[in-house]
Amino acid sequence: MTAIDMSVVDTVITSRKSVRAYKKDAVSPELLRHLLEMAMHAPSTTNTQPWKVYVLTGAALKRLTDAVCAAFDKEAEKHRSEYAYYPDKPLEPYLSRRRKLGHDMYRLLGIAREDRERRLEQHRKNLEFFGAPAGLIFTLHRDLPPANFIDYGAFFQNIMLSAKSHGLDTCIQAYWSDYHRIIRDVLALAPEEMVLAGMAVGYADTEARINRLVSVREPVDSFAVFMEN
């Protein structure tokens with residue numbers, strides 16, 4: 001690749017972020033299919049290609065979001081993920097990073113810590129794919145080993161970067177896995193399918209205050225060790 005090509009790739013990578021408010025403009029089926037065609041080039045352990053994706057738009061999207069939002073409103077405390085996406089015991093510095101992001105988001109929205117009603121309202125938007133016109137649900141065969149989670153990470157990133165290159169934005173959401181029982185019924189998942197995550201896909205609402213949120217990234221020297229000898 002030329003230096004110019006590399007510059008374009010780097011720009012797409014650094015401009016991607018989690019977007020939590022979308023325009024109603026539809027994403028064409030052809031473009032959604034293209035994102036998955038790009039994603040499928042992700043590396044996977046001995047080419048196992050463990051991903052399975054449900055692409056939801058229109059009435060199908062509304063059917064799922066209505067069902068999970070109803071569950072959230074009535075019995076949110078009864079829904080938990082089939083796998084741990086947070087540690088059982090808080091670990092630093094990861095807890096502080098997570099708390100800072102949450103603090104920055106609620107401060108940006110003007111939602112006080114004690115305002116439980118507005119916090120729940122904002123949290124509920126996860127289960128509406130933040131208003132995106134397309135939502136993806138990802139499943140993984142429950143008997144596959146943890147190595148396949150690594151594969152899925154590459155698959156997710158390919159979707160998000162391809163989306164960004166086409167003027168779309170995304171938000172990967174592990175929270176959807178909490179509602180696996182509802183999702184299983186609505187999408188008629190096979191027993192061996194574990195709900196891994198969801199992803200909002202659409203055109204960012206650039207006027208929405210929440211989309212001003214930018215997560216702070218640690219510098220390379222904080223996590224990399226360069227060894228020459």
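Student: Which residues of helix 7 (residues 180–187) are buried?

Tutor: His 180, Ile 182, Ile 183, Arg 184 and Leu 187 are. This is a predicted model, where local features need pLDDT of at least 70 and side-chain atom pairs 80 or more, while totals for chains, interfaces and linings use all residues. Residues are numbered from 1 along each chain as its sequence is written, and side-chain values use heavy atoms, without hydrogens or water.

Student: Why is Arg 184 called buried?

Tutor: Its relative accessible area is 18%. Buried means under 20%, exposed over 50%, and partly exposed in between (1.4 Å probe, protein chains only). Therefore Arg 184 counts as buried.

Student: What covers the buried residues of helix 7?

Tutor: The cover includes strand 1 (52–57), helix 3 (58–75), strand 2 (134–141) and strand 4. Helices (H or I, at least four residues) and strands (E, at least two) are DSSP runs, numbered from the N terminus.

Student: Is Ala 188 buried or exposed?

Tutor: Its relative accessible area is 61%. Ala 188 is therefore exposed.

Student: Where is Phe 130, and what is its phi?

Tutor: Phe 130 lies in the loop between helix 5 and strand 2. Its phi is also positive, about 55 degrees, and Phe 130 is not a glycine. With a relative accessible area of 7%, Phe 130 is buried.

Student: What makes the pair Arg 184 and Glu 82 a salt bridge?

Tutor: The rule asks for a side-chain nitrogen of Lys or Arg within 4 Å of a carboxyl oxygen of Asp or Glu. Arg 184 and Glu 82 meet at 3.6 Å, N to O. Arg 184 lies in helix 7 and Glu 82 in the loop between helix 3 and helix 4 (94–109), so the pair ties together parts that are 102 residues apart in sequence. Glu 82 has 32% relative accessibility, so it counts as partly exposed.

Student: How many salt bridges does this rule give?

Tutor: The count is 11. One of them joins Arg 124 and Asp 73, at 2.9 Å, N to O. Arg 124 is in helix 5 (residues 116–124) and Asp 73 in helix 3, so this pair links parts 51 residues apart in sequence.

Student: Why are Arg 124 and Asp 73 called partly exposed?

Tutor: Arg 124 has 24% relative accessibility, so it counts as partly exposed. Asp 73 has 48%, so it gets that label too.

Student: Which residue besides Asp 73 forms a salt bridge with Arg 124?

Tutor: Glu 128, with the closest N and O atoms 3.0 Å apart. Shared partners join Asp 73, Arg 124 and Glu 128 into one network.

Student: What is the order of the strands in the sheet?

Tutor: It is an open sheet of 4 strands in the order 1-2-4-3, paired antiparallel. Strand 1 and strand 3 stand at the edges with a single partner strand each, so one side of each has no neighbour in the sheet. Neighbouring strands are turned by 20 degrees against each other on average, direction ignored.

Student: Which helices pack on the sheet?

Tutor: Helix 2 (residues 29–39) does, touching strand 1, strand 2 and strand 4, at about 160 degrees to the direction of strand 1. Helix 7 packs there too, touching strand 1, strand 2 and strand 4, at about 80 degrees to the direction of strand 4. Contact means heavy atoms within 4.5 Å. Axes are lines fitted to C-alpha atoms, for helices over the stretch in contact, and angles run from 0 to 180 degrees between N-to-C directions.

Student: How do you know that strand 3 and strand 4 (residues 193–202) pair?

Tutor: Pairing needs at least two DSSP bridges. These strands have 5, in the antiparallel sense. Among the partners, Cys 171 faces Ala 200, and Asp 169 is bridged to Gly 202.

Student: Why is strand 3 (residues 169–173) called largely enclosed?

Tutor: Of its 5 residues, 4 are buried, so the rest of the structure largely encloses strand 3.

Student: Where is Phe 223, and is it buried or exposed?

Tutor: Phe 223 is in the segment after strand 4. Its relative accessible area is 60%, so Phe 223 is exposed.
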